[in-house]
Structure formats: C-alpha cells, structure tokens
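Try each task before you read its solution.

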Amino acid sequence: MAKNQTVKLDFTKREVTGTGVCRKIRSKNLIPVVLYGPDYKSGLAGTVAAKTIAPVANGGHRETTLIELTIDDGTTASALIRDVQRHPLTRQIRHIDLYQVLKGHKVKVEIPVRVANVEASKGVKEGGLLTHAARLILVEVQPSDIPEEIVVDAKDLEMGSEVFVKDLDVPEGVTVLTDPEILVLHISAIRSSDDETEEGEEESKEVEVVAKGKAAKEEE
C-alpha cells in the first residue's frame, strides 16, 4: 500500500478578501485559499497557482495528499485539503480550504477503499454480484504516513463472502476509527429470471386462492 503523495506549492498571502477580489484572483489563473490550523486559528488568506493545486483538488486522492506550502513570508506549513468550493454549473474551482497538520501530531482523515481483481473473483466468476458498500474509512495517522488507499483483493472471495472494516489490512501506525462491524463489500447470488417468474407465479396463485376464498364467504 503506497503512502500518500506530497506536493509542494507556493502560497502568497492576501490582505483583501471578498467575492469581487476572488473573481479577479481567478482571472489570473490563481485559486483563492484559506489556511486554517493550530498556528492559523483565524485563518490565513492567500492564493496558489491553479495549475499546481487543481490536479490535487480534482484528483482521486485529494484528501490524503500532503501539501507542503512555502509562504511568501519565508515560513512553511504542511496541510491537507479540507474543502473545495466549485461553480454549480461549470464545476470550476472557486475556493479551497486547507488545514494545517503538524509533524508528530496525528490527523483524522478519510481513506478510500479500492477493490482489486473483481473480475478474477471466484464468486463473481460463478455469477455472483459484488457490492462495494463502504468506499471510505476514517483513520487517525501521522501526516507523513497517510496511506493513499486501502486495497481489498477480491480474487479469492467466493459466493456469499463478506468483508467488514475489521477485516481490512491497514498499514502499521494507522488507527481505524470507523465502526469495525460496518460492511465494506459482499458477493451475493444474482436471482435468475426463472426464479423471479416462479416466485411471481406462486404469488399469483396465492392471490387467486385468497380471492376465491373471499368470494365463497361472501356468497354464504
């Protein structure tokens, strides 16, 4: 399981805030951001280049990618993306919230769960349906040790197999906070059209019998 990626970005502080200012910032191919955290409790407003942060914000591992910020006052900070605001129609990024993380201090983060070898699964080959129920789990971990994802290998899973959070293979140093009894995935049999037809016929016969009995009672 690969650890999270680290991306280095330049952070330029800004004093003026507001909708109009942010619009001008975006027109310069910059993204308005605010950095929150232990050292920035009131929030530090700034900008970062769209070309450097957009790939992270639009990627599949945005919440687990560690960002190393070089601030224009000479200081540095490590952060994770906490929220991305987008235009409701174009889905273009309008604003990003960053949360500072400190070395030596664990953070809580949601890790994606990926299922590998679905087509090679024994249960799927037998005609079963694999349902991926839980796609994210909450963990507590050191910022530098955040796993990119948790992988479940479905190759040896048979018909009727179930995988719960407690069954996941997580790296050392990662504490899972999600309820261990939550179902992550299962393989169930697909009902055939013949089964559905037979069941429908049985239900029809049952309704018919009940209807005849009711009619008989009314005649009495």
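**Exercise 1.** Find the side chain that meets Glu-149 in a salt bridge, and say which parts of the chain the pair ties together.

*Solution.* Step 1: the partner of Glu-149 is Arg-114, at 3.0 Å from N to O. Step 2: Glu-149 lies in the loop between strand 9 (136-141) and strand 10 (150-153), and Arg-114 in strand 7 (residues 107-116), so the pair ties together parts 35 residues apart in sequence. Strands (E, at least two residues) and helices (H or I, at least four) are DSSP runs, numbered from the N terminus. Step 3: Glu-149 is buried at 15% relative accessibility, while Arg-114 is partly exposed at 39%. Here buried means under 20% relative accessible area, exposed over 50%, and partly exposed in between (1.4 Å probe, protein chains only).

Before going on, note that this is a predicted model, where local features need pLDDT of at least 70, side-chain atom pairs count only at pLDDT 80 or more, and totals for chains, interfaces and linings use all residues. Residues are numbered from 1 along each chain as its sequence is written, and side-chain values use heavy atoms, leaving out hydrogens and water.

**Exercise 2.** How many salt bridges does the rule give, and where does the one with Asp-73 lead?

*Solution.* Step 1: the count is three. Step 2: Asp-73 meets Lys-13 at 3.4 Å, N to O. Step 3: Asp-73 sits in the loop between strand 4 (66-71) and strand 5, and Lys-13 in strand 1, 60 residues apart. Step 4: both are partly exposed, Asp-73 at 42% and Lys-13 at 33%.

**Exercise 3.** Work out what surrounds Lys-166.

*Solution.* Step 1: Lys-166 forms a salt bridge with Glu-181, with the closest N and O atoms 3.2 Å apart. Step 2: Lys-166 also lies over the face of Phe-164, 5.8 Å from the ring centre; the rule asks for NZ of Lys or CZ of Arg within 6 Å of the centre and within 35 degrees of the ring normal.

**Exercise 4.** Which residues of helix 2 are buried, and which are exposed on the other side?

*Solution.* Step 1: in helix 2 (residues 50-57), Ala-50, Ile-53, Ala-54, Val-56 and Ala-57 are buried. Step 2: on the other side, Lys-51 and Pro-55 are exposed.

How values were computed:
A salt bridge is a side-chain nitrogen of Lys or Arg within 4 Å of a carboxyl oxygen of Asp or Glu.
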